[in-house]
Amino acid sequence: EFFSEPSAPPVAPASLGQVYRGRLASTGEEVAVKVQRPQIGEAIASDMVLLRRFIKNLDQAMPRLTDLPIQPLLPLVDEFAGRLFGELDYIQEGQSCEKFADLYAHVPRVRTPQIIWEVTSRQVLTMEWIDGVKLTDEAKMAAAGLEIVDFVNVGIQCTLRQLLEAGFFHADPHPGNLLATKSGDLVYLDFGMMSTAPEKARYAIINHVTHLVNRDYDAMCRDYYELEFLSPEVDSRPIAPELARFFDEVLDRSVSELNFRAIVDGLGDVLFKYPFRVPPFYALILRSLTVLEGLALTADPNYKLLGAAYPYMARRILLDPAPELRSSLAEMVLHQDGRFRWSRLDNLLREGSKSSALTSDQLWLLGEYLCSDNGTSIRVPLVEEMARLIDAYAADRARDQVAARAGRRVAERIVPVFRGERILAVRALRLLAMVNDQYRKSGAPPLQVSGSGPWGLMMPGEVASLVERVQAAVAPHWPRLQTLLTTPGAVEARGQLVATLRQRLAARTVRLVLGYNEGEATSAREEQVAGAASSPFNIPGRRSDTLATGIPAK
């Protein structure tokens, strides 16, 4: 009555039913029809009763068998049983599919089948038929010119948004529930098992990543209360040394060597010694991520999920306006003594842009936050560091101009070298290159901040020309920029910048008069850094501020 050309036998098994291929008799549209197995509900109920009795007895017996703290298993069984019974209602599954599609429609290359409600009931689910290849079928993927790792990366980006944005996530992304299409879309199927991560937990996870990156193990221990891994009466301080012993070794490696499952297993060995109680939905999160990493490893044994996931995390920390994540941004870019970490800001910008292009609106929001009262803790050290970069760059350019005419020794006497200045000059050059790169993308020639005057200073005409070009570049954004520049924070920042530059100029003048130069003591080391082929933020002889994958260390 409803379908024509039904397939026999079924084209695929479903966890609680069978999937058939057919056509709607009314429209001729090709559809997938999921039909529930007879009496499957009664079979699940009896199995769950038996399993629950066994696990309850096991939980009661375990404290008598070991002195170690034991995670009760019964809540996990109840969570699993609840999800399993939820899969019996195909109307709820169809609604979950549509909710998923609405929440994650903005994620590139992610697709779900359309539900045909006219021929859907609690035991029959009818969906749009989508041609695709299972990610585990390497031969068909290769024949279609599709790469497994490429689709896994799409899945990881979507999974991170499920877990950390809306919190509504697909809890069963096994290979049979993921299809790759020739058009490049990743299709999610089977929405019977879904779960929700509470908002508090979502922010706590990102904050935990920040503390891990900073190797702030005491803060990680405090996070376990927010994550509800520990009850408030448990003292978490003894856990910090255990975390340090495990993660110091892990984080000293390149992320190309880090395996998500290995880290989870190793961390589990640490946490097993303490009374941790992992909320059931975290187990579903870990399962989702390990399944995706496992898929990628079948195609690329060197694939690492952490390296693929960090760009999204960096983007959230950098741009998310939530107060919980603004504090994470401050922790990420500031040393404990309040000094600014250029390497971390550079890393967040670079890694965050890999997730998706940073839009001008997002950068405006970041600028507005930095100029607000709430952004003072970051703005003040940032402006201080900007002054040091400007001073170092100008001094380095002036020194080069003098050296070209009178030699390096004379140049360093006339323009004294501050300790660490060559490192700052290289960083300033890199920052200027980034600005110029963005400027060139607009079709304009690069900005030149040196001139034809003495010591490379710009002559009045050159200054006027530079001002005109900058004004032309910012003209489309001038109303918003003008508003931003008149905020109290921006006014304070300009005053701080001018005062700091004047202070450094005065210090240079005193050093010139006294003939004092710090450069000789550090020049060899700074020349090594300045000439290094790697990022100038990775200083030889000390632990890099950026691991090989882009995840910054403390």
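The structure is a predicted model, in which local features need pLDDT of at least 70, side-chain atom pairs count only at pLDDT 80 or more, and totals for chains, interfaces and linings use all residues. Residues are numbered from 1 along each chain as its sequence is written, and side-chain values use heavy atoms, with hydrogens and water left out. The chain contains 21 helices and 11 strands; these are DSSP runs numbered from the N terminus, helices being H or I with at least four residues and strands E with at least two.

**Overall make-up**

- The chain has 554 residues, of which 47% count as buried; buried means under 20% relative accessible area, exposed over 50%, and partly exposed in between (1.4 Å probe, protein chains only).
- Among contacts in the chain with a separation of 6 or more, 67% involve residues 24 or more positions apart, a contact being heavy atoms within 4.5 Å.

**Salt bridges**

- The structure holds 27 salt bridges, each defined as a side-chain nitrogen of Lys or Arg within 4 Å of a carboxyl oxygen of Asp or Glu.
- Asp346 and Arg430 form one of them, at 3.4 Å from N to O. Asp346 belongs to helix α13 (residues 342–355) and Arg430 to helix α17 (residues 421–441), so the pair ties together parts that are 84 residues apart in sequence.
- Within this pair, Asp346 counts as buried at 6% relative accessibility, whereas Arg430 is partly exposed, with a relative accessible area of 22%.
- A salt bridge also joins Arg508 to Asp391, with the closest N and O atoms 2.6 Å apart. Arg508 is in helix α20 (residues 488–514) and Asp391 in helix α15 (residues 376–406), so placed that the pair links distant parts of the chain, 117 residues apart. Arg508 and Asp391 are both buried.
- Arg422 and Glu412 meet through their side chains in a salt bridge of 2.6 Å, N to O. With Arg422 in helix α17 and Glu412 in helix α16 (residues 408–414), the pair ties together parts that are 10 residues apart in sequence. Both residues, Arg422 and Glu412, are buried.
- A network of salt bridges links Asp391, Asp396, Arg399, Glu421, Arg504 and Arg508.

**Helix packing**

- Helix α9 (residues 260–271) packs with helix α10 (residues 280–299) at an angle of about 140 degrees, their axes being 9 Å apart. Axes are lines fitted to C-alpha atoms, for helices over the stretch in contact, and angles run from 0 to 180 degrees between N-to-C directions.
- That angle makes α9 oblique to α10; angles under 35 degrees count as roughly parallel, over 145 as roughly antiparallel, 65 to 115 as roughly perpendicular, and the rest as oblique.
- Phe260, Arg261 and Val264 of α9 make the contact with Leu286, Leu289, Thr290 and Glu293 of α10.
- In helix α14 (residues 360–370), the buried residues are Trp364, Leu366, Gly367, Tyr369 and Leu370. Their cover includes α11 (305–319), α12 (323–333), α15 and α19 (478–485).

**Surroundings of Thr136**

- Thr136 lies in the loop between β7 (133–134) and α4 (138–143) and is partly exposed, with a relative accessible area of 43%.
- Not counting residues up to four places away in sequence, Thr136 touches Pro175 and Leu295. Thr136 and Pro175 are 39 residues apart in sequence and 6.3 Å apart in space, C-alpha to C-alpha.
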